[in-house]
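Here is a short tour of one chain for you to follow with the model open beside you.

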Amino acid sequence: MPTIVKSPPAPGTAEWLGQITASKVPAILGVSRFKSQYAQWHEMAGLTPPAPVDEDRMKWGHVAESSLASWWRYKNPGWLLNPRRGGTFELAYTNPELPFPNMATLDRRAYRPDAPRAERFRILELKTAGTLADWGRPGEEDSIPADYYTQVQFQMGVSGIHSADVVVLGTSTRPEIHHVTFNDDEFARIVDRCVDWVASLEMGIAPALDDQESTYVAIRGKHPNIHDGEEVQINAATAVRLLDTVVGLDEAESAFKEARSEVAELMGEAKYLKCGDVKIADRRAKTGGTPYVQFNKKANLEGDH
């Protein structure tokens with residue numbers, strides 16, 4: 001049965017790195033917007049240091065959590081929130097039935113004393129976001145970004161609490177509340193992937209390189225020294241491919257700037273640029289500033305002329 005961890009290891013410690021935690025699951029599954037599989041694997045393998053903690057951001061997160069939790073309780077009368085214990089409202093669970101070391105830390109645990117036991121508890125995951133572009137509206141299917149969704153599914157599977165709400169404050173003046181229901185099949189898929197992940201760590205088989213910034217940062221951290229006079233040779237085909245990529249990036253950046261100017265000139269003071277019913281771009285302004293062009297990268301012109 002799931003149990004509460006009385007003294008959970010601090011993030012970044014060797015004990016914490018050796019466990020599959022809810023915060024690591026999105027990267028393990030390859031759905032994280034913030035960390036690649038490559039970066040996560042090398043951290044857990046002890047080959048690169050954990051990312052440094054932004055103290056101000058962490059402090060703001062804890063401050064925001066208090067207000068978001070209060071808002072949730074205001075919108076859910078009859079529910080209570082777990083008290084502070086050991087200086088924190090967070091609760092960490094582990095499930096010894098899983099075939100790997102695991103821990104899921106909940107921002108808050110809500111409870112309703114008069115509810116049936118199976119419906120008595122609910123997980124609260126409290127988030128702040130600079131933009132809600134990756135979010136749907138509450139009640140819509142797939143309204144929560146995939147990384148947060150898998151994180152919460154893992155929390156529910158480990159803790160045994162099969163109901164959760166994600167409370168997010170974006171650019172609006174009021175938070176949104178997104179409900180998440182436990183999915184047995186999704187949790188089983190997560191567990192299978194974590195089993196494979198642990199096996200890859202034991203065998204020393206790292207994930208492949210990818211295009212995420214966190215991968216490049218991890219590689220830099222893996223090789224912190226410069227050996228004067230040491231060189232690495234590559235063949236001509238690889239050299240040409242790498243240089244073509246770099247030159248192509250410069251050319252693409254130049255072409256983008258020209259296209260942006262062309263679109264701005266075409267649009268004048270219009271709000272939208274369209275091809276038939278498909279939005280190609282729109283003009284936006286931040287806090288009364290000069291309007292700028294935002295392209296619609298998801299535009300689908302298939303079948304249009």
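What follows goes from the whole chain to one helix, then to the strands and the cysteines.

This is a predicted model, in which local features need pLDDT of at least 70 and side-chain atom pairs count only at pLDDT 80 or more, while totals for chains, interfaces and linings use all residues. Residues are numbered from 1 along each chain as its sequence is written, and side-chain values use heavy atoms, with hydrogens and water left out.

**The whole chain**

The chain has eight helices and twelve strands; these are DSSP runs numbered from the N terminus, helices being H or I with at least four residues and strands E with at least two. Its C-alpha trace spans about 65 × 55 × 40 Å along the principal axes. Of the 305 residues, 34% count as buried, where buried means under 20% relative accessible area, exposed over 50% and partly exposed in between, with a 1.4 Å probe and protein chains only. Among contacts (heavy atoms within 4.5 Å) between residues at least 6 apart in sequence, 63% join residues at least 24 apart.

Let us look at α4, residues 55-75. Its 21 residues should span 30 Å at 1.5 Å a residue, and the end C-alpha atoms are 30 Å apart, which agrees; the expected span is 1.5 Å times one less than the number of residues. Which residues of α4 are buried? They are A64, E65, L68, A69 and W72. These residues cover an arc of only 155° around the axis, so they sit on the same side of α4; the arc is that of the directions from the helix axis to the C-beta atoms. An α-helix has 3.6 residues a turn, so residues three or four places apart point the same way. On the other side of α4, E55, D56, K59 and Y74 are exposed. The buried residues of α4 pack against β3 (80-81), β6 (108-111), β7 (121-128), β8 (163-169) and β9 (176-181).

In the loop between α4 and β3 you will find N76. This residue counts as buried, at 16% relative accessibility. Leaving aside residues up to four places away in sequence, N76 touches R122 and I177.

**Strands and their partners**

An open sheet is formed by four strands in the order β1-β4-β5-β2, with mixed pairing. At its edges stand β1 (3-4) and β2 (20-21), each with a single partner strand, so one side of each has no neighbour in the sheet. Helix α5 (residues 146-159) lies across β2, β4 (91-94) and β5, running at about 110° to β5; axes are lines fitted to C-alpha atoms, for helices over the stretch in contact, and angles run from 0 to 180 degrees between N-to-C directions.

| Strand pair | Sense | Bridges |
|---|---|---|
| β2 and β5 (residues 102-106) | parallel | two bridges |
| β10 (residues 272-275) and β11 (residues 278-284) | antiparallel | four bridges |
| β11 and β12 (residues 292-295) | antiparallel | four bridges |

I20 has its bridge partner N102 in β5. K274 is bridged to K279 in β11, and A281 to F295 in β12. β10 and β11 form a hairpin with two residues between them, and G276 in the turn has a positive phi of about 70°.

**Cysteines**

How many disulfides does a search of the whole structure find? It finds zero, a disulfide being a pair of cysteine sulfur atoms within 2.5 Å. C194 counts as buried at 0% relative accessibility, whereas C275 counts as partly exposed at 26%.

How values were computed. Pairing = 2+ DSSP bridges.
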